[in-house]
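Keep the sequence and the coordinates open while reading.

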Amino acid sequence: MALMRAHNRQGALHSDGLRAGLRVGSAVENGGLMEYFFGKDGKKCLQHEKFVLFLRNLHDEILRLEFAHYDYKLQGTISAKDFGLSMVASADIKHLYKLLDRVDDLDNEANLNNIRITFEEFKNFAELRKKLQPFSLALFSFCEVNGLLTRKDFQRAASQVCGVSLTDNVIGIIFHLFDANGDGSLSANEFVRVLQKRERDIAQPTEAGILSFLSCFWNCSNNTSIRLLLS
């Protein structure tokens, strides 16, 4: 943590470990999370399995909070429009308004406007985002071979390359938003660009702290897993 703080512009200003803006009398390392990891005396060893489980639970909790933001009526599902908004929210500003228009058009699609997305579907799509690098390579390979990327191609790539199962409802919303010319095939470039920006925004938080550390560890773990799968 000290090494990462030294490479962070906020952390470098607080090399004593004290958090800016908070009245604390001891270093960040003496906080509740460090006690949870290493015990009250700080001498307990943190098992790798426990840390990975903590990261997974944290990731799931963040997803639940995002889902709850759209499920404000506590129905246990969110509308197709809200799911669309969650996908395009991080788009570059020069493409955002066009994508928001497509989200609004979901109300006019008879086969999509009444769809409700469950948390499991929401979570599976988030899992796909985490595996965007191998998935995007698969998408572009499909496009080169077949010329067009159909819904079945997309679904098959998610399943075979990333081990993620996407429902027909999720696929339908994705294709509505990212079928640029309405020919029934996906604009892979636009889809990948939007998701890449979202993942960059998540991986580069503006504030220093433990979430920066956890994000770094999570990304390193994912990259290691991909290398092991490819080796």
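Helix α9 is followed by Gly 163, whose phi is positive, near 70 degrees. The model is predicted, so to speak of local features pLDDT must be at least 70, side-chain atom pairs count only at pLDDT 80 or more, and totals for chains, interfaces and linings use all residues. Residues are numbered from 1 along each chain as its sequence is written, and side-chain values use heavy atoms, with hydrogens and water left out.

The helix before Gly 163, α9, covers residues 151-162. Helices here are DSSP runs of H or I with at least four residues, strands are runs of E with at least two, and both are numbered from the N terminus. The twelve residues of α9 reach 16 Å from the first C-alpha to the last, close to the 16 Å expected at 1.5 Å a residue; the expected span is 1.5 Å times one less than the number of residues. Buried in α9 are Asp 153, Phe 154, Gln 155, Ala 157, Ala 158 and Cys 162, where buried means under 20% relative accessible area, with exposed over 50% and partly exposed in between (1.4 Å probe, protein chains only). An α-helix has 3.6 residues a turn, so residues three or four places apart point the same way.

Next come two helix pairs. Helix α5 (residues 80-88) packs with helix α6 (residues 93-105) at an angle of about 165 degrees, and their axes are 9 Å apart. Axes are lines fitted to C-alpha atoms, for helices over the stretch in contact, and angles run from 0 to 180 degrees between N-to-C directions. The angle makes α5 roughly antiparallel to α6, given that angles under 35 degrees count as roughly parallel, over 145 as roughly antiparallel, 65 to 115 as roughly perpendicular and the rest as oblique. From α5, Lys 81, Gly 84, Leu 85 and Val 88 meet Leu 96, Leu 99, Leu 100, Val 103 and Asp 104 of α6, contact meaning heavy atoms within 4.5 Å. By class, this contact of α5 with α6 has six nonpolar, one polar and two charged residues. The classes are nonpolar for Ala, Val, Leu, Ile, Met, Phe, Trp, Tyr, Cys and Pro, charged for Asp, Glu, Lys and Arg, and polar for the others, Gly among them.

In the other pair, helix α4 (residues 48-70) and helix α7 (residues 119-130) pack at about 125 degrees, with axes 11 Å apart. That angle makes α4 oblique to α7. His 59, Asp 60, Leu 63, Arg 64, Glu 66 and Phe 67 of α4 make the contact with Phe 119, Phe 122, Lys 123, Ala 126, Arg 129 and Lys 130 of α7. This contact has five nonpolar, one polar and six charged residues.

Helix α6 also holds Arg 102, which counts as buried at 11% relative accessibility. Apart from neighbours within four places in sequence, Arg 102 is in contact with His 176, Leu 177, Phe 178, Ala 180 and Glu 190. Glu 190 lies in helix α11 (residues 188-203) and, at 4% relative accessibility, counts as buried. Beyond four places in sequence, Glu 190 touches Lys 98, Leu 99, Arg 102, Phe 178 and Ala 180.

Overall, the protein chain has twelve helices and two strands, in the order α-α-α-α-β-α-α-β-α-α-α-α-α-α. Of its 231 residues, 36% are buried. Among contacts between residues at least 6 apart in sequence, 62% join residues at least 24 apart.
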